[in-house]
Amino acid sequence: MKKRTILPLYISSIIGGIILILTVVGLFVDKTKNYYPFLLLILCSIGIIVSGILSYFIHDLASGILNAITTFLAYVGLRMLHVSPIDISIMPVCMIIIILILLSLNFISIILSVYRLPINQTKFDNKLFGELRDNQKTSFLLTLVNVVLLIIIITSLSLNEINMPITITAGIISIIYLLFGKTLTLIFKQRIGSLFILIVPIIIIFGTNPKEFSLDNTCILLMLLEYILCISLSIVEYTKVEVGEETKIGPKEYKK
């Protein structure tokens, strides 16, 4: 197969580097002496940087999978930093939010690695992902319901007396990914939009702070419903119709 872009290298290197710096700073600020989440984040940030380098010099599909794994583990490390929904945390809340945003942006690098974009106006299919369905009514309705439900959850958390910035941030990011992904699939007929939608369950489940929305019984029920709906949307969106055949095009060959 052929290689298409250097953009994943830039994105992963910058994001991984910033996360690494923030994690090291947070480690010195921390007074709990709980080093495991910091160590996990440091290793994952290095893994993100390495995957970006591999995406250009060796194999972009394999590096995209590596990047996805390290990003997922980074979310786990980030979740471990959630000690209290109010003021007490292993790491300053503002730094947690920045890392959350960066990890969410890093999915763009993963998508660009695993999904082969058209080159020189020559279109080709991605065998792994197949073609879009012509009828997207079910997917569109599920997307709409997810967006509305997330808006309700964010509004409810915002009106709560206790500030809940981490979950609110994750909810806003999820809405952006849902709307952007569905715009690509519905209007521009781009299968790459489905991948943006597939990211949403990860952001909602691992990016939110359960100790924040657990303070409100209504939010607990709404978040449980959102878990089900976003996963259902991902299943519907990923359903393949017609498997395409990979065409070998591009400016640079993979190294063997």
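This is a predicted model: local features need pLDDT of at least 70, side-chain atom pairs count only at pLDDT 80 or more; totals for chains, interfaces and linings use all residues.
**Entry 1: aromatic pairs**

I searched the whole structure for aromatic pairs and got five. I noted two numbers for each pair I opened, because a pair of aromatic rings is described by the distance of the centres and the angle of the planes.

**Entry 2: Phe 72 and Phe 206**

I looked up Phe 72 with Phe 206. Their ring centres lie 4.8 Å apart, and the planes make an angle of 75°. I wrote the pair down as edge-to-face, because the angle is over 60 degrees.

Where do the two residues lie? Phe 72 is in helix α3, which covers residues 60–80, and Phe 206 is in helix α7, which covers residues 192–207. The pair therefore ties together parts that are 134 residues apart in sequence.

I then checked accessibility. Phe 72 has 34% relative accessibility, so I put it down as partly exposed. Phe 206 has 25%, so it also goes down as partly exposed.

**Entry 3: Tyr 75 and Phe 107**

Next I took Tyr 75 and Phe 107. This pair is stacked, with 6.1 Å from centre to centre and 20° between the planes. Tyr 75 belongs to helix α3, while Phe 107 belongs to helix α4, residues 93–114. The two parts are 32 residues apart in sequence, and the pair ties them together.

Are these two residues buried or exposed? I found that both Tyr 75 and Phe 107 are buried.

**Entry 4: a cluster**

I also noted one aromatic cluster. Its members are Tyr 177, Phe 180 and Phe 196.

**Entry 5: Leu 73**

I went back to helix α3 for Leu 73. Its relative accessible area is 35%, so I list Leu 73 as partly exposed.

I compared its position with that of Phe 206. In sequence, Leu 73 and Phe 206 are 133 residues apart; in space, their C-alpha atoms are 9.8 Å apart.

Which residues does Leu 73 touch, leaving out those up to four places away in sequence? I found Leu 40 and Cys 44.

**Entry 6: Asn 146**

My last stop was Asn 146, in helix α5, which runs over residues 137–159. Its relative accessible area is 0%. The cut-off for buried is under 20%, so Asn 146 is buried.

I listed its contacts, again without residues up to four places away in sequence. Asn 146 touches Leu 178, Glu 226, Leu 229, Cys 230 and Leu 233.

Conventions
Residues are numbered from 1 along each chain as its sequence is written. Side-chain values use heavy atoms; hydrogens and water are left out. Rings of Phe, Tyr and Trp (its six-membered ring) pair if their centres lie within 6.5 Å; planes under 30 degrees apart count as stacked, over 60 as edge-to-face and the rest as tilted. Helices (H or I, at least four residues) and strands (E, at least two) are DSSP runs, numbered from the N terminus. Buried means under 20% relative accessible area, exposed over 50%, partly exposed in between (1.4 Å probe, protein chains only). Contact means heavy atoms within 4.5 Å.
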